[in-house]
Amino acid sequence: MTFRFLLQIVVLLLVQSCTDSVKEENIINPGFTQYITGFTSGIISKNSRIHIKLAEKSKKFTQPNEEVDDDLFDFSPNVDGEAYWLDDRTIEFRPEESLKSGTDYEVEFDLDDVAKVPKELETFVFKVRTITQSFHLETEGITPYNPKDLIWNRFSGRISTADYLDQEEVEKLLLISIDGKKLKATWVHNSVGTLHEFVVDSVERKEVAQIVLLEYSGKEFDIATEGSEEMEIPSLSDFKLMSTKLSQEPEQQVVLHFSDPIKDDQQLKGLIRFNDFDNLRFVVANNVVTIYPQSRLHGVHTLLVEESLLNTMSRK
């Protein structure tokens, strides 16, 4: 089957803020700056510990990692935990359990228990807010194990969470199936619990196209994100472009994911091109072609994939 794709690729420099704005609702008495030089503030992870940095060494200090005898911290809503000395000026509160996501906490610190201060500065009050948990699903499409045999494939994807999420909870977010039959995924989780990659092995490609259904929901864990996506497993006789992805960093690139592996001894220049720009570098990996413009593009450009492009079996 021959094909020709006319794709509109919008190539723009995007600026995205990764930090939520925090409205400071309480005004801190500037007098505290004589006694406190730093403290935990703003938006924090639910696994965060709370720190206070004193301006001077405290006479109450015992030794590093020693539990503080006094009950220095009070939280609203309540948080159970203990405070420890990190050094002679730094105190760390360690919650017994993770904080609740998407929650504002008011913290009262009894400064007068560790330093001699005026009466109006005995209690230092500040606020923190935990990240509102959410997640995003991405899929990479199918990849054959053997470039010369398209029947058996794997596909991969990832779930990115806004904050730490336990591995077992993440794996319950997603249900993958074909024609009602559940598919098993193998997972790899990063150390901070925010990137969760999965692979589904032994996916059979047939003469008739199939649809993989990916259903996701965070309802069980009080996460508002939910929905579903469909991913096509194309017919064995159908050679086509499955998806495109544009990335700006670390360098500008367009990733084309095809149904079949691309023949590696063909000259791609002219077969894959922009209508108004042809100074391109290509990297082929199985059924994925990554295009690197040799100079950064801006605006709207049309990407053309010619019908004479061949797969590894020299089929168009």
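**Stop 1: N311**

Select N311, which sits in the segment after β24. Strands here are DSSP runs (E, at least two residues) numbered from the N terminus, while helices are H or I runs of at least four. This is a predicted model, where local features need pLDDT of at least 70, side-chain atom pairs count only at pLDDT 80 or more, and totals for chains, interfaces and linings use all residues. Residues are numbered from 1 along each chain as its sequence is written, and side-chain values use heavy atoms, with hydrogens and water left out.

N311 is buried, at a relative accessible area of 0%. Buried means under 20%, exposed over 50%, and partly exposed in between (1.4 Å probe, protein chains only). Now show its surroundings. Not counting residues up to four places away in sequence, N311 touches F239, D260, P261, I262 and K263. Contact means heavy atoms within 4.5 Å. The N311 side chain also reaches the backbone nitrogen of M313 at 3.0 Å.

**Stop 2: T312**

Select T312, also in the segment after β24 (299-305). Is T312 buried or exposed? T312 is buried, with a relative accessible area of 14%. Its side chain reaches the backbone oxygen of P147 at 2.6 Å. Leaving aside neighbours within four places in sequence, the contacts of T312 are P147, K148, P261, I262 and K263.

**Stop 3: an open sheet**

Colour the 4 strands of the open sheet, in the order β14-β13-β17-β18, with antiparallel pairing. Two strands pair if DSSP finds at least two bridges between them. β14 (181-182) and β18 (226-233) are the edge strands; each has a single partner, so one side of each has no neighbour in the sheet. Zoom in on β13 (residues 174-178) and β17 (residues 210-217), which are antiparallel and joined by 5 bridges. For one of the bridges, pick L174: its partner in β17 is Y216.

**Stop 4: the largest pocket**

Centre on T139, E140, G141, S243 and H257, which lie nearest the centre of the largest pocket among its 22 lining residues. A pocket is an open set of points on a 1 Å grid over the protein atoms alone, where a 1.4 Å probe fits, with protein on both sides within 12 Å along at least five of seven lines; lining residues have an atom within 4 Å of a point. The volume is about 500 Å³, counted as the space filled by probe spheres set on the points.

Which strand gives the largest share of the lining? β11 does, with 7 residues.

Notes. Polar contact = N/O pair within 3.5 Å; in protein donor to acceptor, adjacent residues only side chain to side chain.
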